[in-house]
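Dear colleague,

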Amino acid sequence: MADEVAPLDAEIRRLIKIAGPMPVRHYMAMCLTHAQHGYYMTRDPFGTEGDFTTSPEISQMFGELIGLWMASVWRRMGSPNSVRLIELGPGRGTMMLDAIRAARVMPGFRSALAVHLVETSPALQQRQRQTLAGLETPCAWHTTLAEVPEGPTIVVANEFFDAVPVNQAVKKGDGWHERVIEADANGNLHFGNAPEPIPNFVITVPKAVRDVPNGAIFEWRSNTMTVDLCRRIVNGGGAALMIDYGHVASGVGDTFQAVRKHGFANPLASPGLVDLTAHVDFQAITLDAETMGARVHGPIEQAEFLSRMGVDTRADALKAVVTPAKAAEIEAARLRLTAGGPTGMGTLFKVLALSHPKLESLPAFEKAGAEAPADPAAVPIA
Ligand code: SAH
């Protein structure tokens, strides 16, 4: 791959020459969503043949349990006649397909819902249309959340927020300096720092992070998406579920990373040809959501979420009707989704929910003894 020309490389160097060093956020946005050469715009990056594998691609159980979660939330909303099911960044559309199938256990929910998929990539929109083609449920596509009509809403997003462009700043003696991408005389890209500190930046940096040593890196994102989601659910009713890797408390550290062919890569080496992400700061989302008047649930670890939603029961139901080899695959998928330790998906991924303030508890986020979510064993197998 070393001699593969990254089509965005020349464009980024040209922009740096004209406009000066490029903030990390701009670089990430260009690499992922540039109209012609953005990483997501032209390809399907998922699965063993691609660059990375997400939870819905590991097992149908993941999407099914999300479907039961949504059905259960709909009931707690008072079973409205119509509800918008919004998915942010649906990838191949697999999670929604599995979720809608699981929603058959609650026919009232199935007939109330209209699906809205928010996807910036034409290639992936196409892929999602193929995946969801057989559904009776109405599906509409949008390139931004702002295009989706308001009203009672349930939002889901798996591995979406990590792809939202991130800002970085480096602590120095005189304040925080934005981290930027520069080009050297040979045209090679490297990281640098803006010469002047960001004015009044202390307002954005959480208190716990202000007194850190020089050289520390702080990351933050625009809160536009969180604000829009909260406005929708506070005005129209409903809830949002976000599943992503990230930290529960705001902190410092460089988490800007590139992944290609299931391994880490240099984020500056092949712009547009590698996936770029950064960890999600769940505390920052929590604070924004509370400011907007939404109720916050969690975050809890993915393993805990899946276990409370009944992943073991679901795995057993699926294993009971297949060959031993297939059953072993289902068990391996269950273990992978719930694995502990520093690199296990079960602990690395966190689940955060936001809701209308009247929804005091949500499935999987309440104390033991509350109403159980819909029965995972009752979901049709396929
Ligand atoms: N949720 C899927 C895919 C995760 S990858 C899964 O779990 O398999 C991130 C997804 O978000 C991709 O579908 C990508 O094209 C989409 N995406 C990235 N940035 C976006 C943006 N700004 N607006 C809408 N979709 C975006």
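How do the residues of the lining of the largest pocket divide into nonpolar, polar and charged? They divide into 17 nonpolar, 12 polar and eight charged, where Ala, Val, Leu, Ile, Met, Phe, Trp, Tyr, Cys and Pro count as nonpolar, Asp, Glu, Lys and Arg as charged, and the others, Gly among them, as polar.

Before the rest, a word on the basis: this is a predicted model, in which local features need pLDDT of at least 70 and side-chain atom pairs count only at pLDDT 80 or more, while totals for chains, interfaces and linings use all residues. Residues are numbered from 1 along each chain as its sequence is written, and side-chain values use heavy atoms, with hydrogens and water left out.

Pockets

The largest pocket has a volume of about 740 Å³, and among its 37 lining residues Gly89, Thr120, Phe160, Ala163 and Val164 lie nearest its centre. A pocket here is an open set of points on a 1 Å grid over the protein atoms alone, where a 1.4 Å probe fits and protein lies on both sides within 12 Å along at least five of seven lines; lining residues have an atom within 4 Å of a point. The volume is the space filled by probe spheres set on the points, with grid points joined across faces, edges and corners. Two or more residues of the lining of the largest pocket come from each of helix H2 (24–33), helix H3 (55–58), helix H5 (94–102), helix H9 (224–236) and strand S13 (275–277); helices (H or I, at least four residues) and strands (E, at least two) are DSSP runs, numbered from the N terminus.

The second largest pocket holds about 580 Å³ of space and is lined by 30 residues, of which Trp220, Arg221, Asn223, Ala284 and Asp288 lie nearest its centre. At least two lining residues each are supplied to this second largest pocket by H2, strand S9 (217–220), H9, strand S14 (280–281) and helix H10 (282–291), and the largest share, four residues, comes from H10. By class, the lining of the second largest pocket has 15 nonpolar, nine polar and six charged residues.

Packing around H4

The axes of helix H4 (residues 60–76) and helix H11 (residues 302–309) come within 10 Å and cross at roughly 65 degrees, the axes being lines fitted to C-alpha atoms, for helices over the stretch in contact, and the angles running from 0 to 180 degrees between N-to-C directions. H4 and H11 are therefore roughly perpendicular to each other, as angles under 35 degrees count as roughly parallel, over 145 as roughly antiparallel, 65 to 115 as roughly perpendicular and the rest as oblique. In this pair, Phe62, Leu65, Ile66, Leu68 and Trp69 of H4 meet Gln302, Phe305, Leu306 and Met309 of H11, contact meaning heavy atoms within 4.5 Å. By class, the contact of H4 with H11 has eight nonpolar, one polar and no charged residues.

For H4 and H5, the axes come within 7 Å and cross at roughly 55 degrees, which makes H4 oblique to H5. Gln60, Phe62, Gly63, Glu64, Ile66, Gly67, Leu68 and Met70 in H4 meet Met95, Asp98, Ala99, Arg101 and Ala102 in H5, and the residues of this contact divide into seven nonpolar, three polar and three charged.

The axes of H4 and helix H12 (residues 311–319) come within 10 Å and cross at roughly 125 degrees; H4 and H12 are therefore oblique to each other.

Backbone

The peptide bond from glycine 298 to proline 299 is cis, with omega near 10 degrees, and proline 299 lies in strand S15 (residues 295–301). Lysine 261, although not a glycine, has a positive phi of about 50 degrees, and its place is in the loop between strand S11 (257–260) and strand S12 (263–265).

With best regards
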